Every structure is written in structure tokens, then in C-alpha cells.
Amino acid sequence: MSKDANPKESIIKAAYADVNKFGQNGEFDKAMKAVNRILGVAPDDQTALHCKVICLIQVSKFEEAVKFIDKNKLASTLIFEKAYCEYRLNKPENALKIIDDARLPSLPPNLKELRTQVLYRLERYEECFESYKEIIKNTSDDYEDERRTNLSAVAANLALDETKDIPDIPEETYEQHFNGSCILSNRQKYVEAEKKLRASEKLCRDTLEEDGASEDEIREELDVIRVQIAYCLQMQGKTKEAASIYAEVLKNKPKDPALVAVASNNSVAINKDQHVFDSKKKIRSALAESCEHKLTSRQKKAIALNNCLLALFTNSSEQVQQFCIKLANQYPDLEFQTVLIKATQLSKDKKQKEAIDLLQKYASNTKDKDQAFATKFAIIQLLLSQGDRKGAVDVFLSLGENKYKPGIVSALVTLYLGLNNKPAASELLKTAVDWYKKNNVSSADLSDMWRQAAEFHLRGGATETAASSLEELLKLKPNDMKVLAQLVIAYAQFNPKKALEVSKKLPKLETLTTASEIDALESANWVMSTKAAKKSANAKIEMSPGTPVVERKKNNRRKRKGKLPKNYNAEVPPDPERWLPKYERTGYRKKRDRRTKEIIKGSQGMSSQAAEQYDMSNRANLGKNSPATPVYQEPTPGPRQQHRKGGHKKKKGNNRF
């Protein structure tokens, strides 16, 4: 060996020793400096290059790590490291491409788990679920609980599709209980989800207290569970309780931006058009850039839609238009909602014609039949708000065969009657009946429509059409004797033979009433109450079998003449007001109330005599012949100056209070 080789090897050896020491202590900045010493001596040392990439990842310098891998052409060997860096840089598509392009015959465990996590971030939940099931089946280590927690998180997202069956996943930790509650809430089982969340909250506190966690750490974990509890309460209609929980969590200022976004958005949804300024502040928190990669596309879509609705509530026309255009470009599947929001804002701005034109344009261009159908109803609502019933009828008639739906038929009949066009209403019901008979459409329950159509045509004299409606109603309710009786009445108007034939299906009179009931009805005293009449009828009918029937003679009682007053005079007509109370009669005079005291004039404490003496209005009426000045008289002392002679005598004895 040359003299230069020994110093080089000693530098490398000492540097690796430092890398090992600093790496075990978690001091990766110092470890990176030691690696740089090695690379300064041996720049092509593959181990040193790998160590530097690891150090860069540990200090969260992911972009620098990717550049270093590309610069030194390490992508073929450091597949996991590069894919992980892309994943942490919120580029899951690049991470998946790196893993799949490696074309390895079988992925090592670390790459398999990373790929599964990337699939979750890309919201490819079915592939992710199957991958986690395979990993849990083929591995056994200390991270089994974490993998089962991730599996239940994937299942919670799959539960949004009600057609998919979710297998039972064991729940041992509080995280697994939480994910299990999310599965229930995504299946609209909010009461059960709330119960499971309460159990998860208690288990979380107990677990963290056993691990020695601080109160702040416990609160951070519990806040996530509490927000989910608030969501379940909100969906149950308990908005006040939910709003108080959201406010309490936001007051704690949680570090998780996703938690802040969800709590803020749900608070805005509760506020609706109330507390607008508070909602504006919260929606900004939900739309922060830090939340971009922490939320699912479903959550981001809901927040963006709520932002448009909030702008609508604040009557910000320009903002509504801007936000709706942005929302439609970002989420094309929400175009229908944006059109409705725009039309609503135009209507609020009293631009109904522009709103109707916008809706008609969308209805004619969209390929989604259900959305086009709903858009027509929005147009009808705007027309009716203007009082244009005829225009609303025209839109209804343009629905094609959908106009024969029971609800639409009912609305059209109402509008026709409002326009005093009974023949059109009758013709509509007739065509609706014919259409249902021709197409044999089996709807959920058309009995109400048939009944209303039959009654309408019977009132209008169209007995044949009424009979066809009653026939259809009788098919739905074959045991309804009322319908059968109405059908007989309808047939009797134009086909007596058929009416007679159908009437044979009616129950006989004997089956409807018994002889005892007829006797009771005939003998009942209609002045009495129903219960008393029945009681008296039963008393007459129910007789003991051994008692013979004895006919009683009727007592012809004479009516007594009414007694007249002693001073009655037939020639004098009676007082027409004799039945009125005294205070309502014309001759009534109210007695003077002696309890009213004399009104005291003048200042407080002055008697009435003194007040009259100093009342100068009385002097104006004095005669002209008495110009002499009146003699001054000493005024009578006031009430406060009048004292009894001798004063008050003190009572003997002890005073009792």
C-alpha cells in the first residue's frame, strides 16, 4: 500500500464511525457532515451516497434528496427512497410511476407497503384494501395494529358506496374504534356511530394516560374524535350541540390543518345565512393551502361548494359568478349545482329572464337526463314566482312522458284550475289514465291519482272516464267496497247491465247490519248522546230468557199550565228587556260611588279652601259694583299643620316591634 492510502482509509473509517454514532443518536445533520467527509475522499462510494440520501430524508429535505439521486444516477438502485420522497412531496402519481416502472418480479415488503399507501392517497380504495389484506396475511411483526387501523380507514371510504359489502374488522385500539364509527356514519347510521365514538373517546383517554402522555397531547387526540361526534350530532339534527363542540375545538387551536378545515366547514354549514362574517372567516381557514393535501377530494369539493353558497347568502354577485366558474372548472361533476347557484343569484338581482335563459341553455345541452329534468323544475319555480302560470304549464307539457307522473299530473291540474281551464284538466287526467293502461306502468302507489281522477270526472259528468279510473283503482285495492260502490254508480250512468253485474259483488245488507242494530237505531232517542242511546237500546234488547214479556199501558199525562206572576196583566205587553241584565237596560242609571274622594287642587299640603281662595279664575266673575279690595283672611292651616291639642300621648308599657 502507498503512503497516501492509509490516511484515506483512516478518514473513511473514522467518518463511518461518526455516521453510525450520530445516526443512532438521531443527529442526522452531524451524520450528513460525516458522510460529506467520506464523499470528499471517495465520491463514488455507493454506501456513502446511500447514507446521504437517508440523512436528507430524515431531515425532511425531500427535493434535495430527489435531485441528489438523479444527479448521481441512483434511481435504479434507490427505488424506495426516490418513491418515498415523491410521496412526501405530495406527488403520489410520480411515486406510483417510479414503483411500477421498476418492473420488479416481486416487490419487497417496504415497497409493497409504500405502494399501498400511495394507492390510498390516490383514492384507489379497492386496490388499496386488497393490498392491505395481503400484507396483513403475509407479515407478522410489531406493526400489525397500525396496518389493521389503515385497513379500517380504507374500509370507511369504501363504505360511501352502499352497494359494496364491508367485512368485519376487529376493533381493539381507539383508532380502530374511530374508523369503525366512520364506516357507520358513511352508511347513515349516525346514532350507532355516535355510541362507538363515545367508547373510542373513553378508550383514547385511558390509553394515553397509561402511556404517560401530557394533557395537551391527550386533548389533540380527543379533538379529532369530538369533531366526528359533532358531525354525527349535526346529521341527527342536533345542530346546537354540534356547533358548541366545533367552537370548543377551534378555540383550542389544533395543529392539524385538516381538523381545522372540517370543523370550520361544518360550522359554516350550520350557520347558513346567519353569522355571515364568522362564516367568512371560517371558510378561509377551510380553504387554506395547508389543507390542500390533507383532505380527500370529496371533502375539498364540499368546502368549495359551501364557499359558493356562502357568497350567495352574502349577495355578492361578482363573487358568486367567479366562484361558480372556478368550481365548475375544478370539479366538472358539480356544473349542475353551479348553474343553480348562478340562476338563484340572478333571480335575487331581479334578472329572472337571464336566470331562465341560463337554465334553459343548460337543460338543452346537458346529457344527464335527471339533471335536465330537475333544471326544468327550477325554470317552473321562477316562472311561478313571476305569476306566469301559462309558461309553467308549457314547461310541464314539454317533459314528454314524465308529465304523466302522479305529482306532475297533480300540479298541472292545479294550474289548469287556476287558469279556469277545466276541460284541459279533464283531458289531462283522461290521457294520463289511458297512458297508464296502455303502458302497464307499475308505480309505487297510484291509488291516490286514480281516486282523484275518478272524483274529478264524476263531478264533471265524464262517467266513462271515471269508470276506467275506478277500474284501475279496483285492481290495486280489490277489497275496497267504497271503490266498488262508486264504480256501480258510474256504470249506472251509461251501462246499467254492467252496473247490475258489478253490484252483485257488493256485500248483502244482512251482512252489513243485524236486526238488533236496526231496532236499536229505530228506537234510539236522538236527543240523547250516542253512548246513552246505545245503552238504552242494549237494555231493551238484552232481557233474561225466563222473564215473560209484559206490555205496559201508556200513561196519558196531562200537561200542566205554566204559572203566571201574581200581578200579571194580559193587556199590558211584557217588557222586551226583561231577560237582559240590569246594567244593559236602557233605563239603567249607575249609582254614584261614595268612595271617591274630593279632588284636591293646589300645591301639596294645601287644603281645598285655601286653594279656592287663591284661585284667581273665580275673581274674574265678580260684579263691577264691588270694586273694594277684599278683606284678607288668615288661611286655614294645611293638613300637615293641623295637629291635635296636647300632642300625642305616649303609650305606657313596652313597645313591641
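Does Ile 79 count as buried or exposed, and which residues is Ile 79 in contact with, leaving aside its neighbours within four places in sequence?

Reply: This is a predicted model, in which local features need pLDDT of at least 70 and side-chain atom pairs count only at pLDDT 80 or more, while totals for chains, interfaces and linings use all residues. Residues are numbered from 1 along each chain as its sequence is written, and side-chain values use heavy atoms, with hydrogens and water left out.

Ile 79 counts as buried, because its relative accessibility is 11% and buried means under 20% relative accessible area, with exposed over 50% and partly exposed in between (1.4 Å probe, protein chains only). The residue belongs to helix α5; helices here are DSSP runs of H or I with at least four residues, strands are runs of E with at least two, and both are numbered from the N terminus.

Once the neighbours within four places in sequence are set aside, Ile 79 is in contact with Ile 98, Ala 102, Leu 104 and Leu 111, where contact means heavy atoms within 4.5 Å.

In contrast to the buried Ile 79, Lys 73 is exposed, with a relative accessible area of 73%. Another lysine, Lys 272, also has a positive phi of about 55° without being a glycine; Lys 272 sits in the loop between α14 and α15 (276-286) and counts as exposed at 52% relative accessibility.

Among contacts with a separation of 6 or more, 45% are between residues 24 or more positions apart. The protein exposes about 46200 Å², of which carbon and sulfur atoms supply 51%, as computed by the Shrake-Rupley method with a 1.4 Å probe.
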